[in-house]
Amino acid sequence: MNWTFMAQNLHFFVNAAYVTVFISFFGVVFSMLIGVVCAGLEAFRLPLLSQVARVYIELSRNTPLLVQLYFLYFGLPKLGVNWSAQTCAIVGLAFLGGSYMAEAMRGGLEAVPQVQIESARVLGFTRGQTLSRIVLPQALSSAIPGVVANIIFLIKESSVVSAIALADVMYVTKDLMGTSYDTYESLTLLIVTYLVILLPISVIGTILERRFDYARR
């Protein structure tokens with residue numbers, strides 16, 4: 001193992017990690033917003049809108065992220081829309097992640113006993129009050145494992161953005177492997193970088209899951 005090479009090139013991975021974290025953060029935030037909207041539309045079975053949400057979910061989940069990124073980065077300019085690689089990466093992650101978040105959150109909403117919703121209506125709760133005070137707290141508790149898993153999934157999927165020349169950790173790894181041929185060292189730095197990013201999220205997710213599970217008891 002060439003430790004000198006790893007020490008000399010560590011700063012490239014640090015800089016690339018900022019890029020990965022940046023696009024992943026906004027991709028996750030927007031995907032959660034999309035997921036909440038789509039899950040709500042499907043759970044409440046709103047005419048037409050719930051069907052639009054279902055079409056989006058199926059389209060997003062059944063097309064690879066790489067294809068979506070190519071469409072955004074290379075296809076949209078043909079239509080007169082020119083986005084930077086960073087914007088395309090965030091939009092692509094949000095588009096893909098939104099469908100997975102929607103399914104996780106829909107599962108959480110459906111886990112709430114229907115009798116509680118009916119009881120809230122009998123007690124005079126509005127739909128908004130029922131949603132915010134009864135449905136969402138319980139749905140969030142059930143959805144947390146799926147949401148955390150999707151966050152980790154999206155961060156790992158962000159490695160695909162190197163295909164549109166965005167200098168994330170995967171891009172730096174391939175660049176170093178192509179110029180120095182220190183394959184094992186480059187891959188080791190790649191693995192360590194992802195572990196540094198993902199392990200805290202996994203730990204926090206486990207803690208949240210246990211706390212919400214305890215609260216339900």
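A salt bridge is taken here to be a side-chain nitrogen of Lys or Arg lying within 4 Å of a carboxyl oxygen of Asp or Glu, and by this rule the count comes to 6 salt bridges. The structure is a predicted model, in which local features need pLDDT of at least 70 and side-chain atom pairs count only at pLDDT 80 or more, while totals for chains, interfaces and linings use all residues. Residues are numbered from 1 along each chain as its sequence is written, and side-chain values use heavy atoms, with hydrogens and water left out.

The helices named below are DSSP runs (H or I, at least four residues), numbered from the N terminus. One place to begin is Glu 42, which forms a salt bridge with Arg 54, the closest N and O atoms being 2.8 Å apart. This pair links distant parts of the chain, since Arg 54 belongs to helix α2 and Glu 42 to helix α1, 12 residues apart. With a relative accessible area of 24%, Arg 54 is partly exposed, whereas Glu 42, at 13% relative accessibility, counts as buried; buried means under 20% relative accessible area, exposed means over 50%, and partly exposed lies in between, with a 1.4 Å probe and protein chains only.

Glu 42 also forms a salt bridge with Arg 106, where the closest N and O atoms are 3.4 Å apart. Here again distant parts of the chain are linked, with Arg 106 in helix α4 and Glu 42 in helix α1, 64 residues apart. A further salt bridge brings together the side chains of Glu 103 and Arg 61, at 3.4 Å from N to O. Because Glu 103 lies in helix α4 and Arg 61 in helix α2, this pair ties together parts that are 42 residues apart in sequence. Glu 103 is buried, with a relative accessible area of 18%, while Arg 61 is partly exposed, with a relative accessible area of 36%. Through shared partners, salt bridges join Glu 42, Arg 54, Glu 58, Arg 61, Glu 103 and Arg 106 into one network.

The next step is to look at how the helices pass one another. The axes of helix α2 (residues 49–61) and helix α4 (residues 85–110) come within 8 Å and cross at roughly 120 degrees; such axes are lines fitted to C-alpha atoms, for helices over the stretch in contact, and the angles run from 0 to 180 degrees between N-to-C directions. The helices α2 and α4 are therefore oblique to each other, given that angles under 35 degrees count as roughly parallel, over 145 as roughly antiparallel, 65 to 115 as roughly perpendicular and the rest as oblique. The crossing of α2 past α4 is left-handed, a term used if the near helix is turned anticlockwise from the far one by less than a right angle, with right-handed used if the turn is clockwise. On the α2 side the residues in contact, with heavy atoms within 4.5 Å, include Arg 54 and Arg 61, and on the α4 side they include Glu 103 and Arg 106. The residues of this contact of α2 with α4 divide into 8 nonpolar, 3 polar and 4 charged, where Ala, Val, Leu, Ile, Met, Phe, Trp, Tyr, Cys and Pro count as nonpolar, Asp, Glu, Lys and Arg as charged, and the others, Gly among them, as polar.

Helix α4 also meets helix α3 (residues 65–75), the two axes coming within 9 Å and crossing at roughly 140 degrees. That angle makes α3 oblique to α4, and α3 passes α4 in a right-handed crossing. Among the residues that make this contact are Leu 65, Leu 69 and Leu 72 of α3, together with Val 91, Leu 93 and Phe 95 of α4. By class, the contact of α3 with α4 has 11 nonpolar, 2 polar and no charged residues.

Leu 48 sits in the loop between α1 (3–43) and α2, and its phi is near 65 degrees, a positive value in a residue other than glycine. Leu 48 is exposed, with a relative accessible area of 58%. Ala 165, in the loop between α6 (127–157) and α7 (169–180), likewise has a positive phi near 65 degrees and is exposed, with a relative accessible area of 52%. Pro 113, in the loop between α4 and α5 (114–122), counts as partly exposed at 34% relative accessibility.

Conventions. Helices (H or I, at least four residues) and strands (E, at least two) are DSSP runs, numbered from the N terminus.
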